[in-house]
Amino acid sequence: MKPKNMIIEIGSYQLCKHDNSVCGDTFLSCKIKNENRFIAVLSDGLGSGIKANVLSSMTSSMAIGFRLHNTPVIELAKSIMDTLPIDSERNISYSTFSIIDVDFDGETSIVEYGNPSFFIWRNGKSVQQEKEKIEVMQNNKKSYVLLSKCNLQENDRLIVVTDGITQSGIGNAITPFGWGSEGLTEFIERQIDQSSTVSASDLSRAIVMKAQQNDAFRMKDDASCAVIYRRVPRHLLLCSGPPYSESRDKYLGETVSGYKGKIILCGGTTAKIVSRELHREVICLPIEKMRGDLPPVASMEGVDLISEGILTLGKVLEILENMKVPDITEHDPAASIVRYLLNADIIDVIVGTRINEAHQDPNLPVELEIRRSVMKRIISCLETKFLKETNVQFI
Amino acid sequence: MENKIKIRVCVGTYCYVYGGNELKEIKDKLPSALKDKVYVEASVCLGCDAKGVVPKPPYVEIDGHLIPEANTEKIISYLMEITK
């Protein structure tokens with residue numbers, strides 16, 4: 001049996017210690033496409049504020065660099081410890097780290113130093129992992145790093161946190177010794193119980209938000225959480241533009257009817273072609289329900305969204321290019337499309353290249369660019385900025 | 001809704017840019033006698049993309065009758081005609 005094609009979703013969230021403007025924790029991740037693997041590092045610098053931020057940034061970027069070159073764990077840990085500047089007050093150099101190396105088949109190795117233990121979440125329960133203790137000498141002092149290997153299976157989640165999470169709520173009547181791993185475990189269990197498909201970014205945010213609540217909304221330490229989620233990819237089909245040759249209309253219709261995933265059609269003509277090919281009616285909204293400046297959306301059986309073409313796509317591109325955090329609050333048609341795009345992992349795009357004669361009218365606004373170039377920019381943005389996998393077809 | 005006159009305003013790109021945007025609010029501009037007799041909805045395209053047709057946007061369709069280069073006056077006068 002052919003193994004299922006899986007993807008790795010990485011999500012993280014962090015909050016600073018109360019009254020601090022920078023976070024002393026750093027989370028970095030990178031995808032190495034030609035080696036089919038991901039590297040992620042979560043580091044917590046000693047103390048808080050700028051000093052901690054420098055320590056953790058150095059640690060995580062060094063760790064990523066070493067792992068890229070497959071440096072052995074002991075050497076890596078030693079180099080990091082030797083390089084970090086020594087704190088003038090405490091006379092030690094210290095920054096914790098958890099380095100996670102996952103390949104696309106789920107083979108995972110985790111190196112931990114000083115952070116709370118990671119969790120592997122499988123079928124709604126936390127699974128214990130064996131860890132190998134490796135001795136590292138630093139300035140004639142013995143320290144240990146923990147090395148674990150495991151295989152992430154379908155729907156497994158790997159969760160790492162910094163001590164700001166597990167120690168949140170210290171000194172409170174309910175949690176005098178802090179939230180602890182037990183409290184966190186119960187919380188994650190409840191979250192996954194409520195929604196077994198909760199995304200990596202939503203789960204990490206929920207955990208950090210709960211820690212903030214434990215600290216009565218005045219965080220006592222920087223707190224970060226990262227979730228690595230291996231699951232079946234979510235597909236999305238985006239079609240825009242009439243095919244160059246009418247003989248391809250049938251192909252467009254068949255692709256839409258046979259697609260497994262979300263489907264968006266952009267463009268009146270495109271929607272009409274699909275409607276004709278599949279004998280499905282385009283259902284329009286009553287005018288009263290429209291919002292925003294863009295032409296309104298319509299719907300069709302089996303299609304998730306139908307919008308106008310080039311004006312809406314132009315706005316989609318604008319939103320994607322200017323977006324800083326993947327969080328969107330607007331509700332116009334372009335924002336809905338962006339939401340669909342960001343929720344998908346693999347985006348299949350079909351661009352019809354027939355030139356719409358009507359759009360060549362010189363009296364039309366210049367913003368009405370050629371579909372092909374707008375689509376190309378949307379795709380490149382999805383690939384490079386949002387790390388989506390895209391497949392494009394021009395028909 | 002069944003007995004109402006159905007006005008479909010094209011909101012395809014070309015029509016939308018050429019005034020379909022404003023025509024969406026046609027209901028507010030109708031005389032009060034007509035206002036309650038109509039139901040307005042959008043349409044993704046009423047046909048300006050057909051080959052060989054010189055498009056005359058914006059298009060509006062009233063109970064199956066297509067009005068090219070539609071504007072408020074044209075719509076009102078057609079509505080007056082059919083409701084006479």
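Reader: So how do β12(A) and β17(A) pair, and over how many bridges?

Author: Strand β12 (residues 235-240) of chain A and strand β17 (residues 346-351) of chain A run in the parallel sense, with 6 bridges. Strands here are DSSP E runs of at least two residues, helices are H or I runs of at least four, and both are numbered from the N terminus; strands pair if DSSP finds at least two bridges between them. This is a predicted model, where local features need pLDDT of at least 70 and side-chain atom pairs count only at pLDDT 80 or more, while totals for chains, interfaces and linings use all residues. Residues are numbered from 1 along each chain as its sequence is written, and chains are lettered from A and ligands numbered from 1 in the order in which they are written.

Reader: What stands opposite A:Cys239 in β17(A)?

Author: That's A:Ile350. β12(A) is also joined by 5 bridges to strand β13 (residues 262-266) of chain A, again parallel, and there A:Leu238 has A:Ile264 as its bridge partner.

Reader: How many residues of β12(A) are buried?

Author: 5 of its 6 residues are, so β12(A) is largely enclosed by the rest of the structure. Buried means that 20 or more other C-beta atoms, placed from the backbone, lie within 10 Å of the residue's own.

Reader: Switching to helices: at what angle do α8(A) and α10(A) cross?

Author: Roughly 30°, with the axes of α8 (residues 310-322) and α10 (residues 371-384) of chain A coming within 10 Å. That makes the two helices α8(A) and α10(A) roughly parallel, a label for angles under 35 degrees, as roughly antiparallel is for those over 145.

Reader: Which residues of α8(A) and α10(A) meet?

Author: Among them are A:Leu313, A:Val316 and A:Leu317 from α8(A), and A:Val374, A:Met375 and A:Ile378 from α10(A). Contact means C-beta atoms, placed from the backbone, within 7 Å.

Reader: And α1(A) with α2(A), what's the crossing there?

Author: The axes of α1 (residues 50-68) and α2 (residues 73-83) of chain A come within 10 Å and cross at roughly 150°. α1(A) and α2(A) are therefore roughly antiparallel. A:Phe66 of α1(A) and A:Leu76 of α2(A) are among the residues that meet.

Reader: What about chain B, how many residues are in contact with chain A?

Author: 18 residues of chain B are in contact with 23 of chain A. On the chain A side, α7 (268-278) and α8 each supply at least two residues, and α7(A) gives the most, with 4.

Technical notes:
Axes fitted to C-alpha atoms, helices over the stretch in contact; angles between N-to-C directions. Parallel < 35°, antiparallel > 145°, perpendicular 65-115°, else oblique. Contact = placed C-beta atoms within 7 Å. Buried ≥ 20, exposed ≤ 12 C-beta atoms within 10 Å, placed from the backbone.
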